Amino acid sequence: MKRHAKRLALLALLLPAGACVHVSRGAIVQMNFQTLDSNVPGEHYELYATVNGGAVSVGHFKVLDAIDNTLAPPPDGRPRQHCGGDPLTTSNIQIVQLYDNDYDAERQCDPGERIGTVDKFADGLRLILAGGVRLDTDVDLADADGLFLSVEADGDVDPRPAQRLLRAAVARGTDPLTCAHPEAAPKRRGVLLGSFVPVSDARECPFPVGRVAIVPAEDETVL
């Protein structure tokens with residue numbers, strides 16, 4: 001005990017006044033969605049991770065049209081939320097914005113809340129990479145084995161997922177959906193990789209509609 005007390009006293013002398021030790025742990029979730037509907041009014045997306053047999057919420061976000069597409073509605077005829085951009089000066093893209101229950105319309109479209117965009121197909125053939133989606137989380141995802149995306153009602157405080165839409169199995173260094181990526185890239189040590197597929201697609205090799213890479217953060221000490 002005396003030796004331990006001496007070490008603590010020595011550490012106190014070595015640290016500058018007011019110094020403190022912060023330990024942080026979390027992850028960076030980098031996603032590319034090749035197709036993802038913009039939200040209708042009153043709904044948003046919630047991303048969950050499956051860790052040690054349980055599901056934990058990783059983040060909430062909305063997918064919004066940059067411009068008002070009311071005059072060219074989607075096939076289902078349901079108007080989508082938008083940020084009111086000028087069609088003459090604003091690209092017709094789908095922007096991805098962080099969401100919280102207290103966001104008003106201005107806050108919802110604030111560029112400071114933007115975490116990415118949805119990739120686009122041109123002429124149904126050429127994929128336009130628009131930067132993808134980056135979500136930073138404080139949740140420890142080092143032991144995650146999957147993700148899933150659900151559609152939730154705005155203002156909902158129920159922690160349980162409502163309507164599951166996409167799922168992705170993830171594994172360290174390689175994407176488990178090997179049938180869809182026969183020429184896989186070299187393994188990335190320490191990174192969890194996977195592909196999003198529709199929850200409703202029960203085929204042995206479903207067609208991926210997006211990909212994900214999870215970079216777990218290591219414990220860091222900052223003085």
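Modeller: Bear in mind that this is a predicted model. To begin with a cysteine, Cys83 has a relative accessibility of 24% and therefore counts as partly exposed.

Colleague: Which residue forms a disulfide with Cys83, and how far apart are their sulfur atoms?

Modeller: The partner of Cys83 is Cys109. The pair links distant parts of the chain, since Cys83 belongs to strand β5 (residues 82-85) while Cys109 sits in the loop between α2 (105-108) and β7 (114-117), 26 residues apart. The sulfur atoms of Cys83 and Cys109 are separated by 2.1 Å.

Colleague: Is the disulfide of Cys83 and Cys109 left-handed or right-handed?

Modeller: The quantity to look at is the torsion about the S-S bond of Cys83 and Cys109, which is about -90°. Because of that torsion, the disulfide is left-handed.

Colleague: How many disulfides does a search of the whole structure find, and what is the pairing when the bonded cysteines are numbered in sequence order?

Modeller: The search finds two disulfides, and the other one to describe joins Cys179 to Cys205, with an S to S distance of 2.2 Å. Cys179 lies in the loop between β12 and β13 and Cys205 in the loop between β13 and β14, so this pair ties together parts 26 residues apart in sequence. With the bonded cysteines numbered in sequence order, the pairing is 1-2, 3-4.

Colleague: Is Asp175 buried or exposed, and what is its relative accessible area?

Modeller: Asp175 is found in the loop between β12 and β13. Leaving out residues up to four places away in sequence, Asp175 touches Ala169, His181, Leu193, Gly194, Ser195 and Arg211. Asp175 counts as buried because the threshold is under 20% and its relative accessible area is 7%.

Colleague: With which side chain does the side chain of Asp175 make a polar contact?

Modeller: A polar atom of the Asp175 side chain also lies 2.9 Å from the backbone nitrogen of Leu177. The side-chain partner, in a polar contact of 3.4 Å, is Arg211.

Colleague: Which residues have the most contacts inside the largest nonpolar core?

Modeller: That core has 30 residues, and the elements giving two or more residues to it include β2 (27-33), β3 (43-51) and β13 (192-198). As for Val29, its contacts beyond four places in sequence include Leu47, Val58, Leu147 and Ile214. The residues with the most contacts inside the core are Val29, Leu47 and Phe196.

Definitions and conventions
Residues are numbered from 1 along each chain as its sequence is written. This is a predicted model: local features need pLDDT of at least 70, side-chain atom pairs count only at pLDDT 80 or more; totals for chains, interfaces and linings use all residues. Side-chain values use heavy atoms; hydrogens and water are left out. A nonpolar core is a set of buried Ala, Val, Leu, Ile, Met, Phe, Trp, Tyr and Cys residues joined through side-chain atoms within 4.5 Å. Buried means under 20% relative accessible area, exposed over 50%, partly exposed in between (1.4 Å probe, protein chains only). Helices (H or I, at least four residues) and strands (E, at least two) are DSSP runs, numbered from the N terminus. Contact means heavy atoms within 4.5 Å. A polar contact is a pair of N or O atoms within 3.5 Å; within protein, one must be able to donate a hydrogen and the other to accept it, and residues adjacent in sequence count only if both atoms are side-chain atoms. A disulfide is a pair of cysteine sulfur atoms within 2.5 Å.
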